[in-house]
Amino acid sequence: MAPALQQPTPSETITTDASSENNNVTITEKIYTRVRLATKSDLSHIYQLYYQIHEYHNYTHLYKATESSLANLLFKENPLPLFYGPSVLLLEVSPTPFYEPKNTTNEGFKPVLTTFDLKFPVVEGQVEKFRSKYDDKSDAYIAGYAFFYANYSCFYDKPGFYFESLYFRESYRKLGMGKLLFGTVASIAANNGFVSVEGIIAVWNKKSYDFYINMGVEIFDEFRYGKLHGENLQKYADNKGEIEEANC
(Lines give C-alpha, C1' and ligand atoms only; values in the text may rest on other atoms or scores of the structure.)
Protein backbone atom coordinates (compact mmCIF):
# COMPACT_ATOMS: atom_id res chain seq x y z
CA MET A 1 0.00 0.00 0.00
CA ALA A 2 1.49 3.31 -1.03
CA PRO A 3 0.87 6.24 1.31
CA ALA A 4 1.19 9.02 -1.25
CA LEU A 5 -1.27 10.08 -3.91
CA GLN A 6 0.67 10.60 -7.11
CA GLN A 7 -0.79 11.62 -10.43
CA PRO A 8 -0.49 8.56 -12.71
CA THR A 9 0.25 8.56 -16.38
CA PRO A 10 -3.17 7.84 -17.93
CA SER A 11 -1.80 5.41 -20.50
CA GLU A 12 -0.10 3.39 -17.76
CA THR A 13 -3.06 3.26 -15.45
CA ILE A 14 -6.27 2.75 -17.38
CA THR A 15 -7.35 1.09 -20.57
CA THR A 16 -10.85 0.92 -21.96
CA ASP A 17 -12.27 -2.00 -23.86
CA ALA A 18 -14.53 -0.08 -26.21
CA SER A 19 -15.80 -3.23 -27.87
CA SER A 20 -17.30 -4.54 -24.64
CA GLU A 21 -20.99 -4.17 -24.00
CA ASN A 22 -20.24 -2.72 -20.56
CA ASN A 23 -17.27 -0.66 -21.74
CA ASN A 24 -15.06 -2.42 -19.18
CA VAL A 25 -12.27 -0.52 -17.46
CA THR A 26 -8.97 -2.23 -16.61
CA ILE A 27 -6.87 -0.63 -13.89
CA THR A 28 -3.15 -1.41 -13.63
CA GLU A 29 -0.16 -0.24 -11.62
CA LYS A 30 -2.09 1.76 -8.99
CA ILE A 31 -5.66 1.96 -7.80
CA TYR A 32 -6.97 4.93 -5.81
CA THR A 33 -9.57 4.48 -3.09
CA ARG A 34 -11.94 6.63 -1.07
CA VAL A 35 -13.83 5.48 2.02
CA ARG A 36 -16.81 7.69 2.79
CA LEU A 37 -20.20 7.70 4.44
CA ALA A 38 -23.02 6.61 2.17
CA THR A 39 -25.62 9.17 1.15
CA LYS A 40 -29.15 8.77 -0.16
CA SER A 41 -27.84 8.98 -3.72
CA ASP A 42 -26.10 5.63 -3.07
CA LEU A 43 -29.32 3.71 -2.40
CA SER A 44 -29.34 1.72 -5.64
CA HIS A 45 -25.72 0.65 -5.09
CA ILE A 46 -26.33 -0.31 -1.46
CA TYR A 47 -29.35 -2.34 -2.49
CA GLN A 48 -27.34 -4.22 -5.11
CA LEU A 49 -24.42 -4.88 -2.75
CA TYR A 50 -26.75 -6.14 -0.03
CA TYR A 51 -28.29 -8.51 -2.55
CA GLN A 52 -24.86 -9.73 -3.63
CA ILE A 53 -23.79 -10.61 -0.10
CA HIS A 54 -27.01 -12.60 0.34
CA GLU A 55 -26.22 -14.30 -2.95
CA TYR A 56 -22.70 -15.08 -1.74
CA HIS A 57 -24.14 -16.81 1.35
CA ASN A 58 -26.98 -18.50 -0.63
CA TYR A 59 -29.58 -16.47 1.27
CA THR A 60 -31.32 -14.67 -1.58
CA HIS A 61 -34.57 -16.41 -0.66
CA LEU A 62 -34.42 -14.46 2.62
CA TYR A 63 -33.67 -11.08 1.04
CA LYS A 64 -36.65 -8.83 1.72
CA ALA A 65 -35.12 -5.37 1.43
CA THR A 66 -36.22 -2.78 -1.12
CA GLU A 67 -34.65 0.57 -1.94
CA SER A 68 -37.56 2.19 -0.12
CA SER A 69 -37.08 0.11 3.04
CA LEU A 70 -33.34 0.80 2.99
CA ALA A 71 -34.02 4.52 2.66
CA ASN A 72 -36.24 4.37 5.74
CA LEU A 73 -33.57 2.44 7.61
CA LEU A 74 -30.45 4.38 6.63
CA PHE A 75 -31.61 7.89 5.80
CA LYS A 76 -34.36 8.90 8.20
CA GLU A 77 -35.60 12.49 8.20
CA ASN A 78 -34.80 12.72 11.92
CA PRO A 79 -31.75 10.51 12.27
CA LEU A 80 -30.02 9.41 15.43
CA PRO A 81 -26.68 11.05 16.27
CA LEU A 82 -23.91 10.13 13.84
CA PHE A 83 -22.84 6.46 14.07
CA TYR A 84 -25.55 5.57 16.59
CA GLY A 85 -28.05 4.59 13.92
CA PRO A 86 -27.41 2.18 11.02
CA SER A 87 -24.32 3.44 9.18
CA VAL A 88 -22.81 2.44 5.86
CA LEU A 89 -19.29 3.18 4.71
CA LEU A 90 -18.65 2.78 1.00
CA LEU A 91 -15.25 2.12 -0.54
CA GLU A 92 -14.88 3.64 -3.99
CA VAL A 93 -12.09 2.94 -6.46
CA SER A 94 -10.72 4.94 -9.36
CA PRO A 95 -7.85 4.80 -11.85
CA THR A 96 -7.14 8.47 -11.09
CA PRO A 97 -6.61 10.19 -7.71
CA PHE A 98 -9.36 11.38 -5.42
CA TYR A 99 -8.95 14.83 -3.95
CA GLU A 100 -9.98 16.24 -0.62
CA PRO A 101 -13.58 17.51 -0.86
CA LYS A 102 -14.05 21.20 -0.22
CA ASN A 103 -16.71 20.70 2.45
CA THR A 104 -17.26 17.60 4.59
CA THR A 105 -18.67 19.28 7.68
CA ASN A 106 -22.22 18.21 6.90
CA GLU A 107 -21.19 14.57 6.80
CA GLY A 108 -19.38 14.54 10.11
CA PHE A 109 -16.79 12.17 8.70
CA LYS A 110 -13.79 13.04 6.58
CA PRO A 111 -13.34 10.61 3.66
CA VAL A 112 -10.23 8.43 3.84
CA LEU A 113 -8.08 8.56 0.71
CA THR A 114 -5.55 5.80 0.00
CA THR A 115 -3.52 4.36 -2.87
CA PHE A 116 -2.85 0.66 -3.49
CA ASP A 117 -0.07 -0.72 -5.67
CA LEU A 118 -1.47 -3.49 -7.86
CA LYS A 119 0.31 -6.79 -8.48
CA PHE A 120 -2.20 -7.71 -11.18
CA PRO A 121 -4.74 -5.80 -13.32
CA VAL A 122 -8.19 -5.14 -11.88
CA VAL A 123 -11.17 -5.14 -14.24
CA GLU A 124 -14.26 -3.07 -13.55
CA GLY A 125 -16.82 -5.02 -15.54
CA GLN A 126 -19.96 -3.12 -14.55
CA VAL A 127 -18.98 0.45 -15.25
CA GLU A 128 -22.43 2.03 -15.49
CA LYS A 129 -24.09 -0.16 -12.87
CA PHE A 130 -21.60 0.75 -10.12
CA ARG A 131 -20.43 4.19 -11.19
CA SER A 132 -20.41 6.47 -8.14
CA LYS A 133 -23.03 9.21 -7.93
CA TYR A 134 -21.36 11.01 -5.05
CA ASP A 135 -19.73 13.91 -6.88
CA ASP A 136 -18.62 14.96 -10.35
CA LYS A 137 -15.79 12.42 -10.51
CA SER A 138 -16.94 10.23 -13.39
CA ASP A 139 -14.35 7.44 -13.09
CA ALA A 140 -15.14 6.34 -9.52
CA TYR A 141 -16.83 2.98 -8.88
CA ILE A 142 -18.38 1.41 -5.80
CA ALA A 143 -16.25 -1.58 -4.77
CA GLY A 144 -17.62 -2.57 -1.36
CA TYR A 145 -19.26 -1.54 1.89
CA ALA A 146 -19.22 -1.92 5.66
CA PHE A 147 -22.48 -1.84 7.64
CA PHE A 148 -22.53 -1.21 11.39
CA TYR A 149 -24.55 0.43 14.15
CA ALA A 150 -24.28 1.22 17.85
CA ASN A 151 -25.11 -1.32 20.53
CA TYR A 152 -24.88 -1.28 24.31
CA SER A 153 -23.46 -3.77 26.78
CA CYS A 154 -23.66 -3.80 30.56
CA PHE A 155 -20.23 -5.43 30.53
CA TYR A 156 -18.68 -2.08 29.62
CA ASP A 157 -21.49 0.38 30.43
CA LYS A 158 -20.63 2.16 27.20
CA PRO A 159 -21.83 1.90 23.61
CA GLY A 160 -19.94 -0.11 21.04
CA PHE A 161 -20.39 -1.00 17.39
CA TYR A 162 -22.20 -4.05 16.12
CA PHE A 163 -20.45 -4.86 12.86
CA GLU A 164 -23.15 -6.38 10.69
CA SER A 165 -21.30 -7.04 7.45
CA LEU A 166 -18.39 -6.23 5.18
CA TYR A 167 -18.50 -7.08 1.49
CA PHE A 168 -16.51 -6.46 -1.68
CA ARG A 169 -17.42 -7.15 -5.25
CA GLU A 170 -15.37 -9.99 -6.68
CA SER A 171 -12.99 -7.82 -8.73
CA TYR A 172 -11.80 -6.00 -5.61
CA ARG A 173 -11.03 -8.91 -3.30
CA LYS A 174 -7.54 -9.99 -2.21
CA LEU A 175 -6.18 -6.45 -2.60
CA GLY A 176 -6.00 -5.48 1.07
CA MET A 177 -9.06 -3.25 0.92
CA GLY A 178 -10.84 -5.23 3.61
CA LYS A 179 -8.18 -4.15 6.10
CA LEU A 180 -8.71 -0.53 5.09
CA LEU A 181 -12.49 -0.67 5.43
CA PHE A 182 -12.65 -2.63 8.69
CA GLY A 183 -9.79 -0.55 10.06
CA THR A 184 -11.74 2.61 9.27
CA VAL A 185 -14.73 1.35 11.26
CA ALA A 186 -12.42 0.49 14.16
CA SER A 187 -10.84 3.95 13.93
CA ILE A 188 -14.26 5.62 14.06
CA ALA A 189 -15.10 3.58 17.17
CA ALA A 190 -11.81 4.33 18.93
CA ASN A 191 -11.93 8.04 18.14
CA ASN A 192 -15.56 8.57 19.13
CA GLY A 193 -15.78 6.89 22.51
CA PHE A 194 -17.16 3.52 21.43
CA VAL A 195 -15.71 0.68 23.48
CA SER A 196 -15.78 -2.22 21.01
CA VAL A 197 -16.48 -3.50 17.50
CA GLU A 198 -18.16 -6.87 17.59
CA GLY A 199 -20.19 -9.15 15.38
CA ILE A 200 -20.70 -12.67 14.09
CA ILE A 201 -17.66 -14.52 12.73
CA ALA A 202 -18.46 -17.37 10.32
CA VAL A 203 -16.27 -20.26 11.51
CA TRP A 204 -16.79 -22.14 8.22
CA ASN A 205 -15.17 -19.33 6.24
CA LYS A 206 -11.50 -19.77 7.16
CA LYS A 207 -10.30 -16.79 5.11
CA SER A 208 -12.82 -14.51 6.76
CA TYR A 209 -12.10 -16.00 10.18
CA ASP A 210 -8.35 -15.51 9.78
CA PHE A 211 -8.90 -11.97 8.48
CA TYR A 212 -10.67 -10.87 11.64
CA ILE A 213 -8.14 -12.65 13.87
CA ASN A 214 -5.34 -10.80 12.06
CA MET A 215 -7.20 -7.52 12.56
CA GLY A 216 -7.10 -8.09 16.32
CA VAL A 217 -10.62 -9.44 16.86
CA GLU A 218 -10.89 -11.77 19.86
CA ILE A 219 -13.08 -14.84 19.33
CA PHE A 220 -15.02 -16.05 22.36
CA ASP A 221 -15.53 -19.80 21.93
CA GLU A 222 -17.62 -20.06 25.08
CA PHE A 223 -20.48 -18.09 23.51
CA ARG A 224 -22.83 -19.25 20.76
CA TYR A 225 -24.97 -17.08 18.56
CA GLY A 226 -28.67 -17.42 19.31
CA LYS A 227 -31.60 -16.22 17.23
CA LEU A 228 -35.31 -16.10 18.02
CA HIS A 229 -37.18 -15.46 14.78
CA GLY A 230 -39.91 -16.58 12.40
CA GLU A 231 -42.70 -18.71 13.85
CA ASN A 232 -40.94 -19.06 17.19
CA LEU A 233 -40.89 -15.29 17.59
CA GLN A 234 -44.50 -14.88 16.48
CA LYS A 235 -45.60 -17.24 19.24
CA TYR A 236 -45.00 -14.33 21.58
CA ALA A 237 -47.16 -11.90 19.64
CA ASP A 238 -50.50 -12.66 21.29
CA ASN A 239 -49.68 -14.56 24.48
CA LYS A 240 -48.94 -11.73 26.86
CA GLY A 241 -51.28 -13.27 29.40
CA GLU A 242 -49.53 -16.63 29.25
CA ILE A 243 -46.16 -14.94 29.86
CA GLU A 244 -47.56 -13.06 32.85
CA GLU A 245 -48.98 -16.32 34.30
CA ALA A 246 -45.64 -18.06 33.84
CA ASN A 247 -43.96 -15.31 35.85
CA CYS A 248 -46.39 -15.60 38.82
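This is a predicted model: local features need pLDDT of at least 70, side-chain atom pairs count only at pLDDT 80 or more; totals for chains, interfaces and linings use all residues.
Biologist: Why is glutamate 100 called partly exposed?

Modeller: Its relative accessible area is 47%. Residues are numbered from 1 along each chain as its sequence is written, and side-chain values use heavy atoms, leaving out hydrogens and water.

Biologist: Where is glutamate 100, and which residues does it touch?

Modeller: Glutamate 100 is in the loop between β4 (87-94) and β5 (112-117); helices (H or I, at least four residues) and strands (E, at least two) are DSSP runs, numbered from the N terminus. Leaving aside residues up to four places away in sequence, glutamate 100 touches Lys110 and Leu113, a contact being heavy atoms within 4.5 Å.

Biologist: What makes arginine 36 and glutamate 92 a salt bridge?

Modeller: The definition wants a side-chain nitrogen of Lys or Arg within 4 Å of a carboxyl oxygen of Asp or Glu. Here the closest N and O atoms are 2.8 Å apart, so the pair qualifies. The bridge links distant parts of the chain, with arginine 36 in strand β3 (residues 30-37) and glutamate 92 in strand β4, 56 residues apart.

Biologist: How do you know whether those two are buried or exposed?

Modeller: Arginine 36 has 0% relative accessibility, so it counts as buried. Glutamate 92, also at 0%, counts as buried too.

Biologist: What about arginine 131 and glutamate 128: what makes their labels?

Modeller: Those two side chains meet in a salt bridge at 2.5 Å, N to O. Arginine 131 comes in at 23%, so it is partly exposed, whereas glutamate 128 has 57% and therefore counts as exposed.

Biologist: How many aromatic pairs are there, and why is phenylalanine 163 with tyrosine 212 called edge-to-face?

Modeller: The whole structure has 19 aromatic pairs. For this one, the ring centres are 6.4 Å apart and the planes are at 70°, so it is edge-to-face. Rings of Phe, Tyr and Trp (its six-membered ring) pair if their centres lie within 6.5 Å; planes under 30 degrees apart are stacked, over 60 edge-to-face, and the rest tilted. Phenylalanine 163 is in strand β8 (residues 158-168) and tyrosine 212 in helix α5 (residues 206-214), so the pair ties together parts 49 residues apart in sequence. Tyrosine 212 has 10% relative accessibility, so it counts as buried.

Biologist: What makes phenylalanine 182 and tyrosine 212 an aromatic pair?

Modeller: Their centres are 5.3 Å apart, with 75° between the planes, so by the same cut-offs it is edge-to-face. This pair links distant parts as well: phenylalanine 182 sits in helix α4 (residues 177-191), 30 residues from tyrosine 212 in helix α5.

Biologist: How do you know that arginine 169 sits over the ring of phenylalanine 130?

Modeller: Its charged end is 4.0 Å from the ring centre. The rule asks for NZ of Lys or CZ of Arg within 6 Å of the centre and within 35 degrees of the ring normal. Arginine 169 also forms a salt bridge with glutamate 124 (2.7 Å, N to O).

Conventions. Buried means under 20% relative accessible area, exposed over 50%, partly exposed in between (1.4 Å probe, protein chains only).
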